[in-house]
Amino acid sequence: MQLFRISTRCYRVLAIETSCDDACVSLIDRYSPNKPPKLIDERKLTLNSKLSGGVVPTDAAIHNRKNISLLVNQILNDNNWNTPNIKPDLICATRGPGMIGSLSGGYQLALGLSIAWQIPIVGVNHMLGHLLISRMNSNGENPNFPFYSLLVSGGHTMFVLSKSLFNHEILVDTIDIAAGDALDKCGRELGITGNMIGKETEIFLNKFKDQWNEKVDIMVKEPMLNQWDRKDILQYSFASFNSQVKNTLKKFYNNEIPNDDKIRARLLFNFQKTIFQHLISKIKLAIEKNSNNINDIKINDFVCSGGVSSNMYLRQMLIDQLKPLGIENFHYPELNLCTDNATMIGWAGIELYENGLTTDLATTVIRKWPITELLKLEGWKKHDI
């Protein structure tokens with residue numbers, strides 16, 4: 001497929017994201033092709049999964065299908081984007097990867113609006129949204145390709161080398177669960193409650209910073225370390241951390257959560273730190289192995305995106321350990337854009353649209369859509385503006 005950059009006029013974007021347990025909508029004004037777009041408004045409703053102990057797919061699907069139409073209607077009315085003279089010119093919606101039931105609610109609505117308004121639609125890869133959102137404020141100029149990305153959330157964890165908008169190589173992927181899922185499981189085992197366990201854990205730990213490095217009885221070990229039969233494996237594995245918490249409580253605390261918050265803080269900090277170190281150890285190994293395989297182009301930029309990227313301690317660990325490897329520029333989304341959101345889908349859709357792509361109406365959502373196969377999915381159309 002021949003791809004080309006085209007000049008664009010001003011246009012308005014409605015963006016929809018419903019890949020998991022969030023119903024998200026954004027309005028973006030692409031008022032100039034030479035300046036960053038204006039975020040006009042954004043809305044988000046998250047499924048309350050506190051009592052269920054995690055996201056139940058059927059509950060998430062019902063939540064998104066019930067709420068996404070209401071959010072779209074509200075945001076259009078509140079901003080007067082529903083008149084004959086003022087309405088969206090482009091719809092960007094998450095097509096995958098994600099949970100089919102959740103994805104369908106948003107994507108089917110987007111297809112319907114595309115037909116009703118007779119405007120184009122771009123079906124966006126969810127991971128591409130996370131990967132590109134740090135480029136929005138610079139109008140796609142910074143970070144420039146090639147750059148590294150750590151995409152880390154409750155559903156995905158991967159380290160990616162992005163050579164162009166359409167060329168992404170996964171250098172490290174997880175063989176079991178995501179890092180965010182492991183953090184949530186550890187938090188729950190140690191008594192953290194709430195709808196967003198990772199965020200609640202960080203709030204709790206920040207109350208006890210003076211306790212982080214104090215001695216505590218604990219059994220924790222970074223996974224995938226070199227052994228006699230295993231050396232320099234470029235894979236993540238986070239499933240063992242839940243068992244390590246349980247084993248720690250069994251051996252040292254009579255199978256009970258310590259009543260002392262200071263001890264809990266020490267335990268949580270050590271598990272969190274080890275999870276983060278596992279992320280970084282494999283990144284360092286991948287950079288070292290990849291350094292001779294990028295046509296002698298020095299990569300200075302590093303993006304960390306996804307829900308876990310909002311953690312300030314992780315950000316500092318990344319800077320401290322990757323700067324000595326030659327990474328000079330670190331890019332993190334604004335905190336409200338770290339977790340799933342429609343704005344990142346809108347910006348990724350803008351980049352795809354301005355590189356000549358829209359999506360056919362005869363398409364549907366997809367549960368698995370590797371970022372390495374961005375253009376292999378059926379349904380892409382070349383377009384002129």
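This note goes through aromatic pairs, charges over rings and nonpolar cores in a predicted model.

1. Basis. The model is predicted, so local features need pLDDT of at least 70 and side-chain atom pairs count only at pLDDT 80 or more, while totals for chains, interfaces and linings use all residues. Residues are numbered from 1 along each chain as its sequence is written, and side-chain values use heavy atoms, with hydrogens and water left out.

2. Aromatic pairs. The whole structure holds 12 aromatic pairs. Rings of Phe, Tyr and Trp (its six-membered ring) pair if their centres lie within 6.5 Å; planes under 30 degrees apart count as stacked, over 60 as edge-to-face and the rest as tilted. One of the pairs is W212 with Y313, edge-to-face at 5.6 Å centre to centre and 80° between the planes. This pair links distant parts of the chain, 101 residues apart: W212 is in the loop between α5 (197–206) and β9 (235–236), and Y313 is in helix α8 (residues 312–322). Helices (H or I, at least four residues) and strands (E, at least two) are DSSP runs, numbered from the N terminus.

3. Buried means under 20% relative accessible area, exposed over 50%, and partly exposed in between (1.4 Å probe, protein chains only). W212 counts as buried because its relative accessibility is 12%, whereas Y313, at 23%, counts as partly exposed. F252 and Y253 also form an edge-to-face pair, at 6.3 Å centre to centre with 65° between the planes. F252 is partly exposed at 31%; Y253 is buried at 14%.

4. Charges over rings. A charge sits over a ring if NZ of Lys or CZ of Arg is within 6 Å of the ring centre and within 35 degrees of the ring normal. K38 lies over the face of Y31, 4.7 Å from the ring centre. The charged end of R12 sits over the ring of W81, at 6.0 Å from its centre.

5. Largest nonpolar core. A nonpolar core is a set of buried Ala, Val, Leu, Ile, Met, Phe, Trp, Tyr and Cys residues joined through side-chain atoms within 4.5 Å. The largest has 47 residues, of which F159 and F302 touch the most other members. Helix α7 (residues 261–290) gives this core its largest share, 12 residues. F159 and F302 also belong to one aromatic cluster with Y148 and F330.

6. L76. This residue is in helix α1 (residues 57–78) and is buried, with a relative accessible area of 7%. Beyond neighbours within four places in sequence, L76 is in contact (heavy atoms within 4.5 Å) with L27, W81, N82, P88 and W117.
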